Amino acid sequence: VKLVYDFTEGNKDLKDLLGGKGANLAEMTNLGLPVPPGFTITTEACRVYLDSGEEPAALRDEVSAHLDALEAKAGKRLGQADDPLLVSVRSGAKFSMPGMMDTVLNIGLSDRSVQGLAEQAGDERFAWDSYRRLIQMFGKTVLGVDGDLFEDALDQAKRAKKVTVDTELEAADLKKLVTKFKKIVKAEAGRDFPQDPREQMDLAIKAVFDSWNGERAKLYRRQERIPHDLGTAVNVCSMVFGNLGPDSGTGVAFTRDPASGHQGVYGDYLQNAQGEDVVAGIRNTVPLAELESIDKKSYDRLMQIMETLENHYKDLCDIEFTIERGQLWMLQTRVGKRTAGAAFRIATQLVDQGLIDEAEALQRVTGAQLAQLMFPRFDDQAKVRQIGRGIAASPGAAVGKAVFDSYTAVKWSRSGEKVILIRRETNPDDLDGMIAAEGILTSRGGKTSHAAVVARGMGKTCVCGAEELEVDTKRRCLSAPGGVVVEEGDVISIDGSTGKVYLGEVPVVPSPVVEYFEGRMHAGADDADELVEAVHRIMAFADRKRRLRVRANADNAEDALRARRFGAQGIGLCRTEHMFLGDRRELVERLILADTDAEREESLRQLLPLQKRDFVELFEAMDGLPVTVRLLDPPLHEFLPDITELSVRVALAEARKDPHENDLRLLQAVHRLHEQNPMLGLRGVRLGLVIPGLFTMQVRAIAEAAAERRAAKGDPRAEIMIPLVGTVQELELVRDEADQVIAEVQEATGTDLKLAIGTMIELPRAALTAGQIAEAAEFFSFGTNDLTQTVWGFSRDDVEASFFTAYLEKGIFGVSPFETIDKDGVGALVRSAAEAGRATRPGLKLGVCGEHGGDPESVHFFHEVGLDYVSCSPFRIPVARLEAGRAAS
Ligand code: ADP
Ligand code: MG
Ligand code: MG
């Protein structure tokens with residue numbers, strides 16, 4: 001295999017092999033743009049090296065051949081004493097990755113060739129400046145010398161000379177500095193700075209390979225879920241010099257504003273400098289627009305190139321460039337990062353410019369970005385006092401009083417206070433406090449820390465790893481740099497989208513995107529901003545493209561109406577258990593405790609009209625759209641009092657010799673119904689089969705409600721869904737009874753109700769026997785929450801807080817299977833059940849109603865396996881619509 005590609009041989013589609021930087025350098029070269037010649041060592045070579053500990057045998061020769069070619073083109077050899085060719089060695093993985101080895105510039109300089117460079121350039125200062133940079137970068141990144149030692153020596157030189165910026169150091173000063181730097185290398189690395197240019201280059205290449213497994217790089221990959229086995233490419237690029245005097249310089253630019261998407265001149269420029277100075281902030285840069293007055297010719301050329309790049313990549317690009325004595329060179333470009341809002345704006349702008357079509361526009365935005373735009377945020381006009389910054393772990397804007405332990409968080413929130421839970425890091429003991437808090441702030445841990453994982457699961461704002469904040473849980477305070485101390489009870493504000501932490505209350509404003517979905521802001525209206533306009537258009541693109549329909553999980557009319565505003569095309573899951581709580585609880589208690597048929601029937605008789613009213617309201621809210629009603633699912637004890645509380649009450653009453661008859665019976669029932677493992681106990685269809693009349697009452701309520709809506713000229717489209725079926729027999733039994741009830745209601749009201757009866761597929765057995773089950777089911781709805789629990793044998797309520805962090809850190813999975821569907825396991829069951837179901841009953845309607853229905857990656861999977869719809873909470877509907885559109889384009 002070929003291990004080295006000249007810049008003229010690659011292209012932008014070879015990112016896997018050449019890394020992002022290498023692929024794009026090749027692309028620019030082939031576009032005829034001024035790129036200094038060079039070559040790229042492939043990720044493949046890196047992988048061999050990382051696996052075996054040795055560079056592939058052929059690598060040295062291939063590098064030599066490419067170096068020869070480079071030297072021939074330049075007319076000089078690497079490090080040639082009288083006129084040296086110099087190169088940079090640059091890392092470049094497929095994804096840009098902080099923590100990897102930085103670039104080493106000026107490779108090829110030595111005690112001898114530095115003189116040659118000085119003569120050729122006619123500038124001694126420049127040559128020595130370049131040499132000291134080489135030793136500094138090489139010492140730090142290749143030989144592992146503490147970079148501060150070089151910085152300190154540089155500062156000392158400046159102090160000795162009483163100057164503040166390094167450009168004021170003269171050749172003689174820099175020469176001395178080089179001697180100093182070499183001493184540092186010798187002392188720290190235990191070897192001399194290598195004088196052989198090829199050795200310099202080879203060591204740097206190896207250092208880039210090794211940096212793939214640096215601690216920071218590994219951590220970053222874990223957090224960003226980048227596979228560990230990709231490896232990095234290495235770019236060797238002839239040097240061009242921005243530090244050759246005032247007619248030289250270096251800069252960065254964007255083809256449009258990465259914050260707003262607006263076209264214009266965005267970037268920074270630094271005169272008489274090499275690339276790393278811009279990032280290091282050593283001297284103040286000037287806005288790119290000023291380059292026009294500094295060097296009009298280069299400026300115009302740069303503008304022209306940026307246009308070429310935008311038209312070519314059809315997207316926002318960011319750029320690194322250098323000007324060497326009036327000659328412009330391109331050193332890097334890539335499709336640039338942007339804010340979520342800018343992603344939407346840029347996508348529509350590019351459509352308007354005719355650069356991309358609607359399908360492509362959908363690929364330029366993500367559901368995650370849309371979700372981010374839907375969180376309330378801090379008012380950016382507000383005066384704020386930032387006291388720290390951590391990792392943006394779970395988005396949102398949270399304000400509350402600082403508390404430092406879970407107990408206080410719960411206590412204060414019970415008394416109506418909003419609190420922010422602050423911990424060094426969280427653990428499962430903090431769970432109650434996390435639930436009670438508005439937001440969570442930790443000073444330790446990254447995106448897979450306990451706090452981050454649990455907060456994301458709960459949809460709670462979280463900033464983690466704010467390391468400059470010192471958390472003292474004993475003294476109940478937090479110290480920020482600059483002497484700020486936050487005591488328990490002081491108000492702070494945390495921004496889970498930026499990671500910023502503020503002292504005091506920052507006003508929160510609703511998201512304009514939510515205002516738009518809610519219908520309180522209209523695209524096209526004067527007050528709608530560009531963002532809303534862009535979201536409106538992208539959603540229209542998505543709706544036109546998508547095949548999957550999107551329904552809502554909603555239990556009442558209010559949620560249903562909101563879901564409709566958000567674009568729901570029906571209800572995929574109406575949970576009836578919520579209708580059994582509140583003041584109806586007593587009726588349910590009586591139903592469960594009933595000793596005689598008569599007692600039970602009486603409770604059911606009283607529940608019927610209440611249930612029916614719920615459904616009438618719901619069908620009205622969703623008029624004309626399907627509403628899937630799930631019959632009662634949870635374990636019965638959820639409707640009964642807490643066993644401990646009740647035992648205490650009964651014991652106290654007995655001590656007073658005044659036992660309450662009802663409490664005693666209740667306690668017996670609670671004991672009888674108590675289950676070790678309620679999620680696997682008496683629930684779902686099992687309840688319906690064990691408690692006579694329960695399901696038929698619910699079916700009757702649905703049927704009568706539908707008939708009533710019909711009579712009122714409505715268009716109810718109810719579907720009845722049986723939960724937790726494991727075998728077709730269960731379904732058949734419930735079905736027979738239900739059919740009979742429906743027939744009765746049809747007869748009594750004279751309406752043909754067309755009620756479909758289907759089932760959830762949420763047990764492995766149901767999935768495995770889906771072909772049989774489909775004989776009795778008119779539709780399937782995959783309950784992927786329970787299916788995930790039962791396929792993995794995970795109790796969701798327990799595992800997320802206990803060992804999931806460890807699993808994520810160990811890389812057992814990259815994301816919780818409750819967040820994104822586990823395609824290989826749970827997903828495989830969904831796929832085969834869908835196929836088996838449709839084999840039995842062609843046209844069987846298939847949906848999904850677990851949390852996964854609103855998860856971007858899962859939506860793509862459900863599209864691919866051919867489901868008809870996904871159902872998710874109202875708030876996630878726009879995300880599901882967008883992702884369904886993306887999946888189809
Ligand atoms: P990073 O990925 O950190 O941006 P780069 O490889 O792009 O690292 O290089 C760091 C800096 O050095 C950039 O400003 C880049 O423009 C500059 N640079 C890299 N190679 C050369 C070169 N051959 N000539 C001049 N400057 C270079
Ligand atoms: Mg760069
Ligand atoms: Mg379930």
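## Helix pairs and a ligand shell

Helix α22 (residues 585–593) packs against helix α23 (residues 597–621) at an angle of about 155°, with the axes 8 Å apart. The model is predicted: local features need a pLDDT of at least 70, side-chain atom pairs count only at pLDDT 80 or more, and totals for chains, interfaces and linings use all residues. Residues are numbered from 1 along each chain as its sequence is written, while chains are lettered from A and ligands numbered from 1 in the order in which they are written.

Helices (H or I, at least four residues) and strands (E, at least two) are DSSP runs, numbered from the N terminus. Axes are lines fitted to C-alpha atoms, for helices over the stretch in contact, and angles run from 0 to 180 degrees between N-to-C directions.

The average pLDDT of the chain (the predictor's confidence in each residue, from 0 to 100) is 93, and 99% of the residues score at least 70. For the complex, the predictor gives an ipTM of 0.95 and a pTM of 0.85.

**Helix pairs**

| Pair | Angle | Axes |
|---|---|---|
| α22 and α23 | about 155° | 8 Å apart |
| α20 (530–545) and α36 (877–888) | about 60° | 8 Å apart |
| α6 (147–161) and α7 (171–189) | roughly 150° | within 10 Å |

Angles under 35 degrees count as roughly parallel, over 145 as roughly antiparallel, 65 to 115 as roughly perpendicular and the rest as oblique. Therefore α22 and α23 are roughly antiparallel, α20 is oblique to α36, and α6 is roughly antiparallel to α7.

A crossing is left-handed if the near helix is turned anticlockwise from the far one by less than a right angle, and right-handed if clockwise. The crossing of α22 and α23 is left-handed, and α20 also passes α36 in a left-handed crossing, but that of α6 and α7 is right-handed.

Residues are in contact if their C-beta atoms, placed from the backbone, lie within 7 Å. In α22, Leu-587, Arg-590 and Leu-591 meet residues of α23 including Arg-600 and Leu-604. This contact has 4 nonpolar residues (Ala, Val, Leu, Ile, Met, Phe, Trp, Tyr, Cys and Pro), 2 charged (Asp, Glu, Lys and Arg) and 2 polar (the others, Gly among them).

**Ligand 1**

Around ligand 1 there are 17 residues (C-beta atom, placed from the backbone, within 6 Å of the molecule), the closest being Ser-88, Arg-90, Thr-103, Gly-275 and Leu-331. Strands β3 (87–93), β5 (232–238), β9 (317–324) and β10 (327–335) each give two or more residues to this shell.

Definitions and conventions. Two residues are in contact if their C-beta atoms, placed from the backbone, lie within 7 Å.
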